[in-house]
Amino acid sequence: MSNPLFAPLRINTLEIAGRVFKTATTETLATEDGFISEEYLRFYEPFAWAKTPLIITGNMYVGRSGKPTFRSPGIDNDDKLSGLRRLTQMVHGHGAKIVAQINHVGRQTNPKVVGIGTALAPSAVREMTTFTKPRAMTLDEIKRTVEEFAAAAKRAQDAGFDGVQVHVSHGYLLCEFLTPHTNRRTDEYGGSFDNRLRLPREVIRAVRARVGPEYPVLIKLNGADKLMVKGGLGTPELVEIAKALVSDGVDAIEVSCAHYESGFPMLCGKFDGFIKTQIKHGQGAFLPKWRQSLMGLMDGPLARYANRKWPTQEGFNLEAARAFKAAVSVPIICVGGFNTPEGMRYAVASGGTDAVSIARAMVADPLMAKHLREGSSGPRCDYCNLCVARGGRDGLNCVNPALQVQRREMLKAAGF
Ligand SMILES: Cc1cc2nc3c(=O)[nH]c(=O)nc-3n(C[C@H](O)[C@H](O)[C@H](O)COP(=O)(O)O)c2cc1C
């Protein structure tokens, strides 16, 4: 009997040989000025070798003001094209497909680390996890951002990517425009539903116009903001947003959740040692000593709270994905906690989603697609979240001590 997880799926003109995707994981493996490096290519090769049906890159910045962090890749200039082409050629050489995720991080960044004066956002609302106080964008800056997204999408097409994914979730710039808590503007880009939606719509229309009708344009969108303060969006409003963006030319929607200020509903799992790891190996390493010391005090209490509040759960965005699937006709991709063939099959077979996408469990087992096809299994992620905690400074890898021997042997046997 054929495996339903490898039934073909079409997104616009793109034929994909299965329903299990590698989703975006910021790699911290580009050069410091945003070029694709050998390390970056080495990270992606096992996923391509395993013929993962679709690989979505970690976010690539569309312009310098939208750079997430140290060693993020850029798609902001034609000088990046040759490196990006090496990536798509390598992936295609193994028979896999790859989509570029394009992003502007808005206020969720550390301006000092990325070398910009002030972060840009819809409004000057301080971000409480990074403590970044952004500046409200001018109308000229908004217009420039639309152009940056369109130019980045065209660059993705020119570099040979099989499609582009516009990041409209996780509290980054376009998501910040949608959410009343982060968008306090009183001009035509803030206030009403239509006004908050204006910039994402302008971006999607500009991207579509630039890449033509047949090029796959995906988005990643929250199924719920899950903010701990007032002013976040729930599923019904986000479904209406999805419908509008589909009418502007979106071909598929990946459903996720949360902003940084939501805590960790986006990364349900375990949080023991999370902050200490972040200070030693991740973004926290760039902070002044006094802030590191304060953060260090939070390590135990945060773990105790977060372990209870956001425990490991397979398919934790599936109910939201189901609401999108019922409302729009384009393919839905559900991300969040997928790790077992049974869980993935249920998500697809129950009609909750057309495909599942996977971050942490595929970082642990980059050959997962091959294992699923063969009915075998590889290193099994236990959602220790240490890969996330190290994000933004050390290069991405699985560092779960329990998996290292099995993982090394598996990759060695495959020639990596
Ligand atoms: C190390 C790491 C980096 C991530 N970077 C990105 C990113 O660049 N863009 C994005 O949309 N999501 C990013 N995410 C979130 C994932 O795409 C995904 O939404 C989340 O991890 C839940 O999926 P999972 O349970 O399969 O890990 C990242 C997650 C991890 C673990």
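Here is a chat about why parts of this predicted model get the labels they do.

Reader: What kind of model is this, and how are residues numbered?

Author: It's a predicted model, where local features need pLDDT of at least 70, side-chain atom pairs count only at pLDDT 80 or more, and totals for chains, interfaces and linings use all residues. Residues are numbered from 1 along each chain as its sequence is written.

Reader: Why are α6 and α7 called roughly parallel to each other?

Author: Start with the names: helices (H or I, at least four residues) and strands (E, at least two) are DSSP runs, numbered from the N terminus. Helix α6 covers residues 193-211 and helix α7 covers residues 235-247; their axes come within 9 Å and cross at roughly 30 degrees. Axes are lines fitted to C-alpha atoms, for helices over the stretch in contact, and angles run from 0 to 180 degrees between N-to-C directions. Angles under 35 degrees count as roughly parallel, over 145 as roughly antiparallel, 65 to 115 as roughly perpendicular and the rest as oblique. So α6 and α7 come out roughly parallel.

Reader: What is the hand of the α6 and α7 crossing, and which residues meet there?

Author: From α6 you have L197, P200, R201 and I204, meeting I241, A244 and L245 of α7. The contact splits into six nonpolar, no polar and one charged. A contact means C-beta atoms, placed from the backbone, within 7 Å. For the classes, Ala, Val, Leu, Ile, Met, Phe, Trp, Tyr, Cys and Pro count as nonpolar, Asp, Glu, Lys and Arg as charged, and the others, Gly among them, as polar.

Reader: How does α4 pass α6, and which residues make the contact?

Author: The crossing is right-handed. The axes of α4 (residues 139-158) and α6 come within 8 Å, at roughly 35 degrees. On the α4 side are I142, V146, F149, A150, A153, K154 and Q157, and on the α6 side L199, E202, V203, A206, V207, R210 and V211. By class that's 10 nonpolar, one polar and three charged.

Reader: Is V146 buried, exposed or partly exposed, and how do you know?

Author: Count C-beta atoms, placed from the backbone: 20 or more others within 10 Å is buried, 12 or fewer is exposed, and in between is partly exposed. V146 has 19, so it's partly exposed. Beyond its neighbours within four places in sequence, V146 contacts E202, V203 and A206.

Reader: What makes N110 count as buried?

Author: N110 has 21 C-beta neighbours inside 10 Å, so it counts as buried. N110 sits in the loop between β6 (98-103) and α3 (111-114). Leaving aside neighbours within four places, its contacts are T130, T132, Q283 and F286. N110 and Q283 are 173 residues apart in sequence, yet 8.7 Å apart in space, C-alpha to C-alpha.

Reader: What is noted about phi at N12 and A258?

Author: Most residues other than glycine have a negative phi. N12 has a positive phi of about 55 degrees without being a glycine, and A258 has a positive value near 85 degrees. N12 is in the loop between β1 (9-11) and β2 (14-16); A258 is in the loop between β11 (252-256) and α8. N12 has 17 C-beta neighbours inside 10 Å, so it's partly exposed, while A258 has 24, so it's buried.

Reader: Which residues come nearest the ligand?

Author: Of the 25 residues around the ligand, A24, T26, G58, A359 and R360 come nearest (near means a C-beta atom, placed from the backbone, within 6 Å). Helices α13 (360-364) and α15 (386-389) each give two or more residues to that shell. The shell has 11 nonpolar, 12 polar and two charged residues.

Conventions
Two residues are in contact if their C-beta atoms, placed from the backbone, lie within 7 Å. A crossing is left-handed if the near helix is turned anticlockwise from the far one by less than a right angle, and right-handed if clockwise.
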